[in-house]
Amino acid sequence: MNKHVKFGIIGAGGAWRFHKLGAKNHPIIKFISAHDINEKTLQKTEKYSKLKTYTNLNEFLKSDIDAVLIMAPHYIHKDLVIAAAEAGKHVLCEKPMGPTLEDCDEMISATRKAGVLFMIAENHRFLPAHQYMKNLLERDFIGKVFLGRTYEGAYAIPQFLDQNHWNFTFDKAGGGVVMDQGVHKFTMLNWFLGEVDSAQCWLSKTLNSPSNKAEDTAIILLRYKGGAIVTIDISSSTVHPLTNRTELHGTKGTILEDHSWNDPVQIFSSHPEAEIKGEFYGPKIEHGPFPEYYKISMGHEDAHFAECILADKKPEFTPEEAREGVAVVLLAYLSAKNGRRTSMEELIKLYKTEGTKTIIKGLENEIQQNYRKMN
Ligand SMILES: NC(=O)c1ccc[n+]([C@@H]2O[C@H](COP(=O)([O-])OP(=O)(O)OC[C@H]3O[C@@H](n4cnc5c(N)ncnc54)[C@H](O)[C@@H]3O)[C@@H](O)[C@H]2O)c1
């Protein structure tokens, strides 16, 4: 059995910097080759990352690699995942899985048919603080969660103002911050709380960004089938030290989490195994403020995928769970378009009739009008 997995990368932009920080020196991961449509980017990748580079996708896929890590714009994930799977490579692809449920379905079926492992690189699933929280919930540290308050965001004003940058556009990214950032939070919340019943979403355009750019700010209210209600506020135009936050309030206690804290999880619980009962305490968890938490979460994520390849076992984060995260993104957009609370059943009905590609259509005016109102 190989002692390491040979990876090729597709797309050597911003996300590559984080994966490189987190996984390049991991003993079971070897990054071998790179493909990108931008030749200058490839030249830099060859020089600084010491990878063998290919401008041609097919040549790249024929290179001596076991797996592909895709870090390209959202609209092209489907084609790249299918091409890699058909070439017999295991596929790790950045979030969000794709801008529509139909894209997600095609990726799942192509990777299954090819018999390769497939995981979406959702680093929030591999952040030790989030894994710690999941474990506390499973051990009933805080009882039944009735309320969640969360914030998700990353400063991205330059990308919003750049008309030619693919991200946050309707056509290449599939939407703005709800697609790009919200998907992280929705995927994590589904893992903690189960299935979403319904959503109400407001989208806002705060920046004077070009008209091809979608929302830079949003508020979403989610009701879970288990009864919990949750607020998610998302913005890539707010300025503050980089963070992400989650509060979970349960019938028997509370968990507070903030990426910017050195001890990222604070617990209030009277559970027999609580280190301190009836008072907030912060257990020691592998963590560090930005950019450390990226490095840690991506390192664990990439290593997990490589371990699964070496041991021939299924990744713990399934493509079906990643697809559910995309479903909540689309539900939020559908609610904004409907101007009312919208149920997951309504989204599924639309998926089975018109298809989910139709959801984003018609949101442009609403988002742009919001900017005009503010000015
Ligand atoms: N997990 C995280 O926290 C995180 C952080 C950043 C980005 N991402 C995700 O990573 C992906 C890439 O985002 P990014 O910020 O690196 O974008 P980027 O624009 O910085 O880099 C994308 C790269 O892909 C290349 N590219 C574009 N089309 C291509 C194609 N058809 N074939 C090959 N290469 C192509 C571009 O030339 C560019 O070098 C997205 O899915 C994004 O959501 C995730």
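Q: What makes the meeting of Asp180 and Lys95 a salt bridge?
A: The side chains of Asp180 and Lys95 come to 3.2 Å, N to O. A salt bridge is a side-chain nitrogen of Lys or Arg within 4 Å of a carboxyl oxygen of Asp or Glu, so the pair of Asp180 and Lys95 at 3.2 Å qualifies. Please keep in mind that this is a predicted model, where local features need pLDDT of at least 70, side-chain atom pairs count only at pLDDT 80 or more, and totals for chains, interfaces and linings use all residues. Residues are numbered from 1 along each chain as its sequence is written, and side-chain values use heavy atoms, with hydrogens and water left out.

Q: What is found across the interface of domain 1 and domain 2?
A: The rule finds two salt bridges there. It also gives 13 residue pairs in polar contact, both residues at pLDDT 80 or more; a polar contact is a pair of N or O atoms within 3.5 Å, where within protein one must be able to donate a hydrogen and the other to accept it, and residues adjacent in sequence count only if both atoms are side-chain atoms. On the side of domain 1 that touches domain 2, helix 5 (residues 101–114) gives the most, with five residues. Helices (H or I, at least four residues) and strands (E, at least two) are DSSP runs, numbered from the N terminus.

Q: Where do the bounds of domain 1 and domain 2 lie?
A: Domain 1 covers 5–123 and domain 2 covers 125–294 + 323–374, with bounds that come from an automatic or database domain assignment.

Q: How much area do domain 1 and domain 2 bury between them?
A: About 2000 Å², with 65% of it on carbon and sulfur atoms. Buried area is the accessible area (1.4 Å probe) that two parts lose on being put together, summed over both. Leu101, Glu122 and Asn123 supply 31% of the area that domain 1 buries against domain 2, more than any other three residues.

Q: What makes the peptide bond from Lys95 to Pro96 stand out?
A: This bond is cis, with omega near -20°, and Pro96 sits in the loop between strand 5 (90–94) and helix 5. The bond from Phe290 to Pro291 is cis too, with omega near 5°. Most peptide bonds are trans.

Q: Why are strand 13 and strand 14 at the edges?
A: The open sheet of eight strands has the order 13-12-11-7-10-9-8-14, with mixed pairing. Strand 13 (265–269) and strand 14 (342–343) each have a single partner strand, so one side of each is left without a neighbour in the sheet. Two strands pair if DSSP finds at least two bridges between them; five bridges join strand 12 (residues 253–258) to strand 13.
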